Amino acid sequence: MNRDWLPIKTTPWTLALILLVSAVLLQLTSLPKHLDYWLYDRTITTFPSKPAADVAIVAIDEQSLDRLGRWPWPRDTHAELIRKLKEAGAKTIVFDILFSEPSPHDTALANAMSDHGDVVLPVYLAPSATNQLLNEQLPVTRLMKNASDLGHAHVELDSDGVARGLYLYNGLGRQLWPSLSLAPLAEAASRPDHSQTPAYVNLRDEFRAVPLAGGAGTIPTYSYDHVLRQSTPERAFRDKTVFIGATAAGFGDILPTPFSGLSHPMPGVEFHANTFSALTQDQLIEPAPRWVSTTITLLMVACLALSLPRMRPSHTLFTCLLSTASLLLVFVAALIVFRIWIPIIDAALLALLALPISSGLRLSQTNRFLNRQLDHLAQNPYVTVPSHGSRHPRLLLEHVRELFEPEGWILCDGPYCLSSRFLSPQDVPSDLKPGQWDHRLNDSWLKLQRGEHAFVLGFQLPNDLHGQAIQHYLNRLRLDNPDSFLHSRSPKENVSARIQRLRTATERLSQMQQFIRRSFEHMPDGIIVTDELGVIRFANQHIEQWFGEPMPSLNGLPLSRLLEGHDPREAPRWSEIISETLTLQQSRTTDLQIRDKDFLIHIAPFSLPGGEQYGIIANISDISELREQQRQHREAVDFISHDVRSPLVSQLALIEQLKRDPANISSGQLDQLGRLARRSYNLAEEFVQLARAEQLTETRFYECELLAIAENARDSVSEQAIEKGIDLQLQGTEDLWLKGNPELLERAVINLLTNAVQYSPVGSVVDIQVYQAGHQAILAVSDEGSGIDPEELPHLFDRYRRQRRTEMAGVRGTGLGLSFVQTVVDKHRGHIAVASTPHQGSTFTLKLPILDPLP
């Protein structure tokens, strides 16, 4: 069977059809009727009616039978009861006792009835014998003539055997008798006309449900014997309608009711008394016509069919429950307020069934969609990296050698050496654990289990920071045995298989999305993606950092406004560039300046698959370093063409002069030639040192001590200081350990001391202080020289920059010394500061981070 064997969509027509079929199927069961009865019973018992004040019952109970003897009693006893009730002021007397057979005491009873004037007798409709037709069992003629009216005593039992109501009129043929509860009232005279009905047809008309006042005993009840002995309250029957009937269990005249059920049934006479009470208070409940329930059901089907397919799944449950609650509210209001019994169970059941039906249809439709999407996703490529554990050790050795270029290596298969360099099988440790790297100094070892073969892979790495970084990286590689991987078995159940496929597809899609997002985030360039109106929909972290705009404000901001706010231009405007890119579908590349930094922005249009949505991808590259390199290149060319070329030209000119007159070479000319040569050498040396400083990385750092560096720098400059009579004073006794390059640090201190000696007067003092301040090592060089002009301080560390005053005074420099110091300090993550007062001296302070004593 195909997994899409039921291609039904969730539409109003399909949902309505299924609900209608469900409604028809429900009618074939007894469930709706039983639920309707249950709902009626719960409502009636929750909101019981109040009994009328003008009704009472005289009960033929067990006590009366004990005192008056076995049933039937003489009819003069009933005549005596009528006289007692007349004396008590009873308005109407209703007998629920059949007097269908003649008796010697009929005259006494008839006279008592005539004397009272308002006595109602019962009529029973029953076959006189088994297998005979239904006939009327009337009171004897004498009693019937003296009765004010006759009423049928039949109570209707529903299909569940519970008495909830009766027909107000019942009879055979043309004669319809009112019920015992209706006969005492004037309404009994207006009986329905059925004159055309045959005489043998049992007619019942105007069924009404009776809202009982409660269970048995709710209506005031008095014992037959007590009434005869006048032991009842004096006003118990004054102006009341009195029902007389049997309540003793032996008579069998008991009815299950919503209040009592089968456990505590109610006597028939009390049911008639309850009916009379409801009649006098206009509380009888009329069942609604069948078409009302059908109409409500159809309306519910239409509403659910039109609304549910358009709703969110989260709102479906609320709608179904709200519909059911509304129906229940309508039922209770109609029953209690308007006294109409409207069967709403069919509609309520459909409202509840609509939830699983609509959910099932949606699940079926979703399932078909997922199946198609799963098939589509399974065919699409996804980003994955093969497990290293599946590679052969020979291939692993080759790849690691190509990547890290170790100094030595070895690969062994048990006792056999497959490949080696500078390592031998005797160097292999004996306590290696499979699948775990074991690093011992600069040697790294790994044991791999491949089936029955145990391979050992070893590398000899550089004994420096780079080797440590490689070992740390190797620990992250998972090189477990693929045989030990636990592969989950494919589930055989259809639903579980789809869930597994969906999980796999979702993981692949999530991996692809994460790969794309991380790729965008870790790209060296800034990325901006806009929609077809040029509004930013995505930007990576570089855009947030460069433009100084928080990510929430970037999303939804027009790209032209962002660019215009940071790099305004007159022609062409950014809005023009963006609009032409979208409308003409042409890429544009232009310069961009943000906060004194140079960028190159490449704006290209794109269209999503299907060609329905367009947008722009803007790639922003930081070319500030490139521009700085270009500037430095131009400055270097200018420096070489002027500063380096000038002394060389002078040397060549002097050499040509000496060649013309070699016999008259003076010592002054040789000294001048030496000075020019030294100047050329110093220029080249400083240029080379600056290049070395710029290429410095932390891989060339190791532990060094700052005080020793300062002492070595002082010794290197001492000869130059002695020539000028300058005293170099070093103050510092504490060893301050750093992680850095001591050669370049020493050269930087030498440059500072050389400048201090060069620009200090004869006989002055240059003070060198080395001390610790917090987590920083401080080296300060102070002189008593000419100082630095305030306008020169911001450009003091610029490359090829020389002070105008010192140049005019004849003190010539290259303009590279302080730039070299600045570069070295920056590479060591330190800071350099200068404080200077013209004609008083300068102080250069180096702040470098101290080596953490804890590893």
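Strands pair here if DSSP finds at least two bridges between them; strands themselves are DSSP runs of E with at least two residues, helices are runs of H or I with at least four, and both are numbered from the N terminus. Please keep in mind that this is a predicted model, in which local features need pLDDT of at least 70 and side-chain atom pairs count only at pLDDT 80 or more, while totals for chains, interfaces and linings use all residues. Residues are numbered from 1 along each chain as its sequence is written, and side-chain values use heavy atoms, with hydrogens and water left out.

**The five-stranded sheet**

- The open sheet runs in the order β22-β21-β25-β24-β23, and its pairing is antiparallel.
- β22 (536–539) and β23 (588–594) are the edge strands; each has a single partner strand, so one side of each lacks a neighbour in the sheet.
- On average, neighbouring strands of this sheet are turned by 25 degrees against each other, direction ignored, with axes as lines fitted to C-alpha atoms (for helices over the stretch in contact) and angles running from 0 to 180 degrees between N-to-C directions.
- β23 and strand β24 (residues 597–607) run antiparallel and are joined by seven bridges, with Q593 bridged to D598 in β24.
- Two residues lie between β23 and β24 in their hairpin, and R595 in the turn has a positive phi of about 55 degrees.
- Nine bridges link β24 with strand β25 (residues 614–622) in the antiparallel sense, and S607 stands opposite Y614 in β25.

- D225 is part of helix α7 (residues 224–228).
- D225 counts as buried because its relative accessibility is 4%; buried means under 20% relative accessible area, exposed over 50%, and partly exposed in between, using a 1.4 Å probe and protein chains only.
- Beyond its neighbours within four places in sequence, D225 is in contact with Q63, S64, R67 and L68, where contact means heavy atoms within 4.5 Å.
- The side chains of D225 and R67 are joined by a polar contact of 3.3 Å (a pair of N or O atoms within 3.5 Å; within protein, one must be able to donate a hydrogen and the other to accept it, and residues adjacent in sequence count only if both atoms are side-chain atoms).

**Helix α24**

- Eight of the 11 residues of helix α24 (residues 817–827) are buried, so the helix is mostly covered.
- The buried residues include L818, F820 and V824.
- R829 follows α24 and has a positive phi, near 55 degrees.
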